[in-house]
Amino acid sequence: MGSLEDAAAFVDRVGIAVAWGKADLVLPSLWSEIGGPDADWAIRDENGKPTGFSPEFDRLWRWKDELPERRLACAGKHFGSAALLLAPRLLAAAYALTGRSGATDDFRQDKLEPLEREVAEAVLENDPLTGREIRRVLGTSDRKAVDRAVGRLQRRLVLTNAGAAEQSQGWRAIRQDLFARRWRRTLRRLPAEQEARRELALAVLAATDEVSAADVAGALGWRRKQVETVLAELTAAGRVTEREEDGLQLWSA
């Protein structure tokens, strides 16, 4: 994989991917696609000590930010604690589960904690902001509280990653934008909730060999009962195949 466009094509093909592997998720990873199964993230000296990023990991580190910056893929912790990459074709389905309209300020319909609402309003009134810029706008130095609010807003698809800004020290800082503003073109027509759930579950199955209901629940951050209902619907419609192994129900696309 030699270009950002290749990375975007990979995300579009699989639908949902992790930036790098996470043991408890069945999703494919961009890191494995770039570097292969045995790639090392570091260049090492003769004693094995890391001296810098390997060329493969350097590409991943840049592309995970450039993909959302150029709107080639959506990025953020939208379904749980893992950093995910979502194909634009799935964003309407993901957003439909919020119950909101897709308007830029539709987060005002939600019951948010006071700091969450302040963070969302600050981003609404400005261009995409880093955490430090959000704190400056709000007049607070409480980094942990703002970071927690950003995380919760990402989980609710109020905020999403919008690239990264260089800093005088340390890593680049992720910029936050309103999900509905950044991806408004993809949110013009939102499917019904159950249709959206079927589309997202199918995306997980299509990107994997065979999964359990728990696997799908972990990937999408849903309750297992919700997943089982969706998988039963897909099975009845002939869109997925179900089998049992050692008492465990497994599904494949």
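Guide: The side chain of R155 has a polar atom 3.0 Å from the backbone oxygen of G221. This is a predicted model.

Visitor: What makes the approach of R155 to G221 a polar contact?

Guide: A polar contact needs N or O atoms within 3.5 Å, one able to donate a hydrogen and the other to accept it. The pair from R155 and G221 lies at 3.0 Å.

Visitor: Which other backbone oxygen does the side chain of R155 reach?

Guide: That of H78, at 3.3 Å. H78 and G221 are both among the residues touched by R155, and so are K77, F79, G80 and L220, leaving out residues up to four places away in sequence.

Visitor: Why is R155 called partly exposed?

Guide: Its relative accessibility is 35%. Buried means under 20% and exposed means over 50%, with partly exposed in between. So R155 counts as partly exposed.

Visitor: And S29, buried or exposed?

Guide: S29 has a relative accessible area of 8%. The limit for buried is under 20%, so S29 is buried. S29 belongs to the loop between β1 (16-18) and α2 (30-35).

Visitor: Which residues does S29 contact?

Guide: F10, V18, A19, W20 and G21, leaving aside neighbours within four places in sequence. The S29 side chain also makes a polar contact with the side chain of S32, at 2.9 Å.

Visitor: Why are α5 and α6 called roughly perpendicular?

Guide: Helix α5 (residues 114-124) and helix α6 (residues 131-138) pack at an angle of about 105°, with axes 10 Å apart. Roughly perpendicular covers 65 to 115 degrees, so α5 is roughly perpendicular to α6. From α5, the contact uses L115, E118, V119, A122 and V123; from α6, it uses I134, V137 and L138. By class, that gives 7 nonpolar residues, no polar ones and 1 charged.

Note on methods
Residues numbered from 1 in each chain as written. Predicted model: local features only at pLDDT ≥ 70, side-chain atom pairs only at ≥ 80, totals over all residues. Heavy atoms only, no water. Axes fitted to C-alpha atoms, helices over the stretch in contact; angles between N-to-C directions. Helix = DSSP H or I, 4+ residues; strand = E, 2+ residues; numbered from the N terminus. Parallel < 35°, antiparallel > 145°, perpendicular 65-115°, else oblique. Contact = heavy atoms within 4.5 Å. Nonpolar A, V, L, I, M, F, W, Y, C, P; charged D, E, K, R; others polar. Buried < 20%, exposed > 50% of the residue type's maximum accessible area, 1.4 Å probe, protein only.
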